[in-house]
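This report walks through one protein model, from its overall form down to single side chains. The sequence and the structure come next.

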Amino acid sequence: MRRARKILLIVLGLVIGVPVIAVIGVFVALNTGAGRHFVSAEIGKLSGDRVRISGLGGHFPKDIKARRIAVADAKG
């Protein structure tokens, strides 16, 4: 019984702990220059280059700022 409880606690710790650590890692990464550049590039790729964002700054996710946002359709 004691061993089963220990295994259950380890599994629960992993199931809850790993996602929490991953989310914290993403928040930290997005608050670096490289993370902001990555986000800008991915937004362009995912939107088919219809949305371009440059000059990201501030603190993610509460106070994010962009120097320039451009939105275009198929005709430019």
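Two residues are in contact when heavy atoms of theirs lie within 4.5 Å. On that basis, residues 24 or more positions apart account for 15% of the contacts in the protein with a separation of 6 or more. The model is predicted.

## Overall form

The secondary structure comes to two helices and four strands. Along the sequence they follow the pattern α-α-β-β-β-β. The radius of gyration is 20 Å, well over the 11 Å that the globule rule gives for 76 residues, so the protein is more spread out than a compact globule. The C-alpha trace spans about 70 × 25 × 20 Å along its principal axes.

Of the 76 residues, 11% count as buried. The protein exposes about 6,400 Å². Carbon and sulfur atoms supply 67% of that area.

## The aromatic pair and the cis bond

How many aromatic pairs does the structure hold? There is one. The ring centres of F27 and F60 are 5.5 Å apart. Their planes stand at 55°. Planes under 30 degrees apart would count as stacked and planes over 60 as edge-to-face, so this pair is tilted.

The two partners come from separate parts of the chain. F27 lies in helix 1, residues 2-30. F60 lies in the loop between strand 2 (57-59) and strand 3 (63-65). The pair therefore ties together parts that are 33 residues apart in sequence. F27 is partly exposed at 35% relative accessibility. F60, at 24%, is partly exposed as well.

A cis peptide bond joins F60 and P61, with omega at about 0°. P61 is found in the loop between strand 2 and strand 3.

Is S40 buried or exposed? S40 has a relative accessible area of 14%. Buried means under 20%, so S40 is buried. The residue sits in helix 2, residues 33-46.

Which residues does S40 touch, leaving aside its neighbours within four places in sequence? They are I53 and L56. With I53 there is also a polar approach: a polar atom of the S40 side chain lies 3.4 Å from the backbone oxygen of I53. Strand 1 covers residues 51-54.

## Salt bridges

Side chains of opposite charge can pair when their charged atoms come close. A search of the whole structure finds three salt bridges.

| Pair | N to O distance | Relative accessible area |
|---|---|---|
| K45 and E42 | 3.5 Å | K45 61%, E42 23% |
| D49 and R52 | 3.6 Å | D49 44%, R52 51% |
| D63 and K65 | 2.8 Å | D63 40%, K65 46% |

Take K45 and E42 to begin with. They are three residues apart in helix 2, so about one helical turn separates them. K45 is exposed at 61%. E42 is partly exposed at 23%. Helix 2 also carries the buried S40.

Next come D49 and R52. Their closest N and O atoms are 3.6 Å apart. R52 has a relative accessible area of 51% and is exposed. D49, at 44%, is partly exposed.

D63 and K65 make up the remaining pair in the table, at 2.8 Å. D63 counts as partly exposed at 40% relative accessibility. K65 counts as partly exposed at 46%.

## The backbone at D49

Where does D49 lie? D49 is in the loop between helix 2 and strand 1. Its backbone deserves a look. D49 has a positive phi of about 65° although it is not a glycine. The D49 side chain is the one that forms a salt bridge with R52.

## Summary

The picture can be drawn together briefly. F27 and F60 form a tilted pair. S40 is buried and is in contact with I53 and L56. Three salt bridges are found. Two backbone details stand beside them: the cis bond between F60 and P61, and the positive phi of D49.

Definitions and conventions: Residues numbered from 1 in each chain as written. Predicted model: local features only at pLDDT ≥ 70, side-chain atom pairs only at ≥ 80, totals over all residues. Heavy atoms only, no water. Phe/Tyr/Trp six-rings, centres within 6.5 Å; stacked < 30°, edge-to-face > 60°. Buried < 20%, exposed > 50% of the residue type's maximum accessible area, 1.4 Å probe, protein only. Polar contact = N/O pair within 3.5 Å; in protein donor to acceptor, adjacent residues only side chain to side chain. Salt bridge = Lys/Arg side-chain N within 4 Å of Asp/Glu carboxyl O. Rg over C-alpha atoms; globule rule 2.2 N^0.38 Å. Areas by Shrake-Rupley, 256 points an atom, 1.4 Å probe, with all protein chains shown as cover.
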